[in-house]
Amino acid sequence: MPAAAVSRGRLLLLAASLLAVLGFFAFGLERYLSIDYFQSRRADLEAWRAARPIAAAAAYFGVYVAVTALSLPGAAILTLAAGAIFGLGWGTLIVSFASTLGATLAFLSARFLLRDWVEARFGARLAAINAGMRKDGGFYLFTLRLVPAFPFFMINLLMGLTPIPARRFYWVSQIGMLAGTLVYVNAGTQLAGLHSAAGILSPALLLSFTLLGLFPLLARRLLGLHAARNAYARWPRPRRFERNLIVIGAGSAGLVSAYIAAAVKAKVTLIEAHRMGGDCLNTGCVPSKAFIRSARVFKLLRRAGEFGLRADTPQVDFAAVMARVQGVITAIAPHDAVERYTALGVEVLVGHATLETPWIVRVNGPAGTTRLSARAVVIAAGARPFVPPIQGLDQTGYYTSDNIWSLRSLPQRLLVLGGGPIGCELAQAFARLGAQVSIVEMLPRLLLREDPEVSQRLLASLQADGVRVLLGHQAVAAGTEGDTKFLRVEHEGATQDLPFDALLLALGRSANLTGYGLEELGIATGRTLQANEFMQTTLPNIYCAGDVAGPYQFTHVAAHQAWYAAVNALFDPFKKFRADYRVIPWVTFTDPEIARVGLNEQEAREKNIPYEVTHYALDDLDRAIAEGCAEGFVKVLTAPGKDRILGVTIVGENAGELLAEWVLAMKHGIGLNKMLGTIHVYPTLAEANKYAAGVWKRNHAPQRLLAWVERFHAWRRG
């Protein structure tokens, strides 16, 4: 339907509804919807019903539908009167269908009139609510229908603003309101003895309403217990448990899970098959950042002349660089060591863990095979680099982020397959240390999740460091020709062979889902483990966290999830917490760094979320100019006309550090006005955040008021 026709339809419906409501009150029709009126006319109404039962029922049905559809006061009185006039059976039948039909009409009216406007204005804040309504909307509605203390007309209108289907709204309302209808109609059969609506709220009826409200919660709990009993039916449950928690995997998620369990005095066992600290310590965050630091220092040495310094031509000792990387790993390793966690109260076992039952874990280690029992298990098995099925890769050989650190000589020609964060970070670092580096990316730009201007900035920076970037190129095969290795790529229908001495695969990571009993237990998986908002898998006592759980493969998110997994595993069913992903920051550690939290422009457009953009360039910042790093910007998305922050992207020196202030602001609802009113030390890079808030303030200055203020000052000058 054309937008103009929709707008006319909304105006007509709104006008008709307003006229009907105004007429209702203007003509004093509310006096007919009172207990006094029905008591005074009870004999006449009963006579009318006896003489013309069908016409009386139809007329009453129509009035009830109209009152409910227009959200007029009096539905409760009409329900009582139905019992007095038609008796329990016919009164319940009439009211049940009339109330549901009227409620559905009110629901559809609210959806037609207001839903698009509400989604456009509050879509971001309603995303979690809408997701919950799509999943459990019928249950929520059913629960509300069973609690008469909550105004039914509000339920009708508010549900119209959610994505719950109209058909589901109708039948859930029909069933959910039936119990309350019976109670009210039955009370109405005693109408002659009632003097006010409050009279029906006797202790017995209040108790009934309370039980009705608790019923769906109890029913859901019983259904959950029944489903769990069926899920666990294949395995005998131990009579007692040796431990409260077993954690499989000692990466970021596993270490945090075990730490939390020990901190609350639970008996916990942590099992690791390889190295404590997982990928982050041994092959990921720690070695890559140490390597990037060396490359940045070398680049800075080459820029010595810009700072008025004379230095001999710096040289790269690649073996020493890699030795430093290993030294950094060794220095940090005690933070994640067996000794530290043992001292904290965690039992640490080295070996391969396999789930035999939901409560029994078999450990094959140096000392043999051990079987452990626990009430709950947290799976934190991590992920591994994704290796694409490209013909010839096994013959040519390749590196991933797992084994690139074994290099001790700088490859002359390094080919990086993948233009994501890992590929860009390592490509730039190797290029700065002297390798001839090429990036092959099948997508049209680097870092596709970021805004195009961010991708363009990074592309320019990589090219300035000598990196050759091939966008829109897809790898189709690998091979050798004589002593030369090559990767065959296809671009716009043509193929070319790219020679290399070392090939780095940087195409993301795949969750570790096999080899430890998931298949045998029937735990559902996709690209990751399937988990609910409490981090529970399809077997409720088995939880997950980290890369194996998704959806964000970041160390800080793994630690965040681990808190929820451990606490819920230890305290369910007494208390559970839903994992909160509303404010997730991340950083790409290229130069300049790229840091983001919340929405960027392309995501806001994809989700149809209105926004305003505030942009502050770092070439205006005193400290950035003094440091010689005045490249980049701070970009803030806010709600139109408001200082509420929707998202922030920072490109520049130490962007990851600057982002922390924005993460805190978004987490705790701090707006740009308060950030502008906060003192920032001069001269620091962090002033960029305050100046970005200042740009927003200038863009929203009250021009009319300022014009009057200007006149005021002119008047005072005489």
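Leaving aside neighbours within four places in sequence, which residues is I379 in contact with? In this predicted model, the partners of I379 are I248, L355, Y516, L518, L529, I542, Y543, C544, A545 and V548. I379 also belongs to the largest nonpolar core, which has 55 residues. Together with L245, L355 and V361, I379 is among the residues with the most contacts inside that core. Apart from this core lies another, made up of 41 residues, and F318, L407, V437 and L459 are among its members.

A helix comes next. Helix α18 covers residues 555-571, 17 residues in total, and reaches 25 Å from its first C-alpha to its last, close to the 24 Å expected at 1.5 Å a residue. Its buried residues are V557, A558, Q561, A562, Y564, A565, A566, V567, N568, A569 and L570. These buried residues pack against β1 (243-248), α9 (252-263), β6 (368-379) and β16 (542-544).

Now to the charged side chains. Side chains of opposite charge can pair when their charged atoms come close. The count of salt bridges in the model comes to 24. One of them is formed by E425 and K289, with the closest N and O atoms 3.5 Å apart. E425 lies in helix α15 (residues 421-432) and K289 in helix α11 (residues 285-302), so this pair ties together parts that are 136 residues apart in sequence. The two partners can also be described by their accessibility. E425 is buried, with a relative accessible area of 7%, whereas K289 is partly exposed, with a relative accessible area of 28%.

A salt bridge also links R362 with E356, and here the closest N and O atoms are 2.6 Å apart. R362 is partly exposed at a relative accessible area of 21%, and E356 counts as partly exposed at 25% relative accessibility.

D591 and R432 form a further salt bridge, their closest N and O atoms being 2.9 Å apart. D591 sits in the loop between β17 (585-588) and β18 (593-598), while R432 is in helix α15, so the pair ties together parts that are 159 residues apart in sequence. Both D591 and R432 are buried. Elsewhere, salt bridges that share partners join D451, E453, E601, R605 and K635 into one network.

The backbone deserves a look too. Most residues other than glycine have a negative phi, and most peptide bonds are trans. Against that background, the peptide bond from D591 to P592 is cis, with omega near 5 degrees. P592 lies in the loop between β17 and β18, the loop that also holds D591. Another cis peptide bond joins Y682 and P683, where omega is about -10 degrees. P683 is placed in the loop between α22 (672-676) and α23 (687-699).

For L447, phi is positive at about 45 degrees. L447 is found in the loop between β9 (436-441) and α16 (452-464), and at 6% relative accessibility it counts as buried. N654 likewise is not a glycine and has a positive phi, of about 55 degrees. N654 lies in the loop between β21 (645-652) and α21 (655-667). At 33% relative accessibility, N654 counts as partly exposed.

Notes: Residues are numbered from 1 along each chain as its sequence is written. This is a predicted model: local features need pLDDT of at least 70, side-chain atom pairs count only at pLDDT 80 or more; totals for chains, interfaces and linings use all residues. Side-chain values use heavy atoms; hydrogens and water are left out. A nonpolar core is a set of buried Ala, Val, Leu, Ile, Met, Phe, Trp, Tyr and Cys residues joined through side-chain atoms within 4.5 Å. Buried means under 20% relative accessible area, exposed over 50%, partly exposed in between (1.4 Å probe, protein chains only). Contact means heavy atoms within 4.5 Å. Helices (H or I, at least four residues) and strands (E, at least two) are DSSP runs, numbered from the N terminus. The expected span of a helix is 1.5 Å times one less than its number of residues. A salt bridge is a side-chain nitrogen of Lys or Arg within 4 Å of a carboxyl oxygen of Asp or Glu.
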